[in-house]
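Student: Could you show me how to read charged pairs and buried residues in a protein model? I would like the general idea and then the case at hand.

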Amino acid sequence: MMTGATTVETRPATTDGGGVRDRIGRVLLWLAAVGALAAALGAYGTVADAEPAVKVVETWRAYGFVVFAGLFALLAVRPRGYRGVWPLVIFHKVAMTVTALVYARNAAIEGTSTVLIVDGVLSVLLVLALVLCRGWVAEPRR
């Protein structure tokens, strides 16, 4: 029979965003947001100079950069507050990378190397941020 008290150390799941890993993940997300915003600003000239046949596509692309900048910023502010956004942004970046890899086999398709590099790096960055921030854990209800 045990006569002494037994203690078990428990560690609650932290969702306050105070850890070093969390801060690193958030910095990565802010870098992604700033990069997407810079791409949106850089797309202004492309839209202005676009031929009529591709002006709508280039405008759509520029607005997409703004949307992604916003999504990355939302994740940076509350990485566990928008669990459904993580798979969407990761899917898009991985899908673009894989698509560019497939398209790269056709020399007539331009821009595949840029997409491979940018979206490939973003794919890795986002998965790393997800793991560092534990983006699959829900914030406590308020």
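Student: Which side chain meets that of Asp-22 in a salt bridge?

Tutor: Before answering, note that this is a predicted model, in which local features need pLDDT of at least 70, side-chain atom pairs count only at pLDDT 80 or more, and totals for chains, interfaces and linings use all residues. Residues are numbered from 1 along each chain as its sequence is written, and side-chain values use heavy atoms, leaving out hydrogens and water.

Tutor: Side chains of opposite charge can pair when their charged atoms come close. A salt bridge is a side-chain nitrogen of Lys or Arg within 4 Å of a carboxyl oxygen of Asp or Glu. Here the partner of Asp-22 is Arg-80, at 2.7 Å from N to O. Asp-22 lies in helix α1 and Arg-80 in the loop between α2 and α3, so the pair ties together parts that are 58 residues apart in sequence; helices are DSSP runs (H or I, at least four residues), numbered from the N terminus.

Student: Is Asp-22 buried or exposed?

Tutor: Buried means under 20% relative accessible area, exposed over 50%, and partly exposed in between, with a 1.4 Å probe and protein chains only. Asp-22, at 6% relative accessibility, counts as buried, and Arg-80 is buried with a relative accessible area of 5%.

Student: What joins Asp-119 and Lys-93?

Tutor: Their side chains meet in a salt bridge at 3.2 Å, N to O. Asp-119 lies in helix α4 and Lys-93 in helix α3, so this pair ties together parts that are 26 residues apart in sequence. Both Asp-119 and Lys-93 are buried.

Definitions and conventions:
Helix = DSSP H or I, 4+ residues; strand = E, 2+ residues; numbered from the N terminus.
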